[in-house]
Amino acid sequence: MNDSSKIRGIDRRGEWVSLLGLAISLVAAAILGSLAIWSRGSSTALWAAAFQMFGTAGIWLLCYVQLHQQTLLTEEHLEVAELRRQRDEKLGGTQTIFEEDDLDQMDTLAMGRRMRSIERFLLPVLALGVALFYALAGLSIFPWLGQFPPIKDAPAFPGVIHAEVILFFTGGMAFVAFMASRYALGMSRLKQWSALRAGGNFLFGASATCLAISLALLCEISGLPHVESWIGSGIAILLILFAVETIANFILDFYRPRVAGEPYRPFYDSRLLGMFSEPGGILRSLANAIDYQFGFKVSETWFYKLLGRVVFPLLLVQIVIFLLLSCLVVVPPGHQAVIEHFGQPLPHTAKPGIHATWPWPIDRATIIPVERIQRMVLGHGDEEHDEDGPGAEHDESMLMSDRPPVLWTKRHVEKEYQMLVADRLASVDAKVPVNLLSVSMPVQWRVKHDTDADVIRFHAQAFDTAEIIESLAYRELTHYAANADITDLLGAGGIKTADILQ
């Protein structure tokens, strides 16, 4: 077989795989976007996954450009070798004015030079463009001025619309993307197709995202509506991390030492995804990343080998210790604990002391201060100048403490809430028969704990307790002030008012 036949038989599977990954990513992005529109914006996770798939298509485009240029370089090498062979056959091995070094220089100034220019200018620009897209896409998921309009204008729904049908599509895309990523990562082990690693890693991340959305939709169907929104926020944060990692790798590439014979790994190849997508394991992937960063075999040092042998046992021991610690609940004096077993509270509470439970998340304990009197002061909003702000807690011995008097000529706090109070002694012709009065009213409350059922009932209804009590107290105070006279709130009338409000 001569070199011309070799040129025609160059293996272009790497290019075809990169084009296949590009097509899969674009089709998946279109399907996810269509599903998000069909669900009328009820799922932010679908939009986030569509953005991730579209960015993955950009990574596959980078892989194709690099592999195509490598193919052209290989063709040029074969063409130069063919010309050299033909020259030797015609001249019978005699020397010409063109030496071997000159031919090598001509080879270098052709496709090799073009490839270096592409790797130096075109690929970084495209990769940074993909990183910028990931950053903007991740930020557009969260509610702010730059939020994606379909997400921002979507009406509020109790759940994801058509969740059962969307689950079928996301599960199928997760399977197809996973199989394609495994095939690409398997080919990337060969040196001539190492550029496929970046696309395979990102496609693996996209498949994991689709699988997470499928699990979230299962939770949605099972009656857990908040999981899907958490997954959407997690995907948005992941996109921002991809952008930050790409920019960081781009900067580190200027300082990374170059080792002769070491294969070049593009900066847009995610090391974060590579730790989970490569079958060698997280520790081996981390070792390869460290070796590539420092320029020598850090993974072959004695310390790293020792760490590799003991890191997983240490992690397992720490997990076991944390689980064992979650089996002990310490209830301080003056408190009781409501223990939930698989989300259902036990019929009795845990009294002060040490109690044994099942490990988290089977059992969860919530400690409630049942004997502590909690206090808040109504009438102003400056908590910095008020030692007894909303939600402040005090012991019973401090409730009757002596406090210095505050004169009317001195400002009590920076921000006071004024109320309309009637003035029955005022005449219509002389002045307006209402007054603006600043009222400061302390409110003390304590959890009822005559029986365990009282504490358990408080735990079931204790969401934003301080805010609810503050709102109820303000309602009673406003209602009373609207029907009272100014003399009822000043002087000796204030004592009677306190009894009525209580």
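**View 1. Helices H2 and H6 cross at roughly 165°.** The axes of H2 and helix H6 (residues 163-187) come within 11 Å of each other; axes here are lines fitted to C-alpha atoms, for helices over the stretch in contact, and angles run from 0 to 180 degrees between N-to-C directions. H2 is therefore roughly antiparallel to H6, a term for angles over 145 degrees. Helices are DSSP runs (H or I, at least four residues), numbered from the N terminus. This is a predicted model, in which local features need pLDDT of at least 70, side-chain atom pairs count only at pLDDT 80 or more, and totals for chains, interfaces and linings use all residues. Residues are numbered from 1 along each chain as its sequence is written, and side-chain values use heavy atoms, leaving out hydrogens and water.

**View 2. Here are the residues where H2 touches H6.** On the H2 side, look for Arg13, Ile24, Leu35 and Trp38, among others. Their partners in H6 include Phe169, Met173, Tyr183 and Met187. Contact means heavy atoms within 4.5 Å. The contact residues divide into 16 nonpolar, two polar and one charged; Ala, Val, Leu, Ile, Met, Phe, Trp, Tyr, Cys and Pro count as nonpolar, Asp, Glu, Lys and Arg as charged, and the others, Gly among them, as polar.

**View 3. Helix H2 (residues 13-38) also packs with helix H7 (residues 196-221).** Their axes lie 11 Å apart, at an angle of about 25°. H2 and H7 are therefore roughly parallel, the term for angles under 35 degrees. Gly14, Val17, Ser18, Ser25 and Leu32 in H2 meet Leu196, Leu203 and Cys210 in H7. These residues comprise five nonpolar, three polar and no charged.

How values were computed
Helices (H or I, at least four residues) and strands (E, at least two) are DSSP runs, numbered from the N terminus. Angles under 35 degrees count as roughly parallel, over 145 as roughly antiparallel, 65 to 115 as roughly perpendicular and the rest as oblique.
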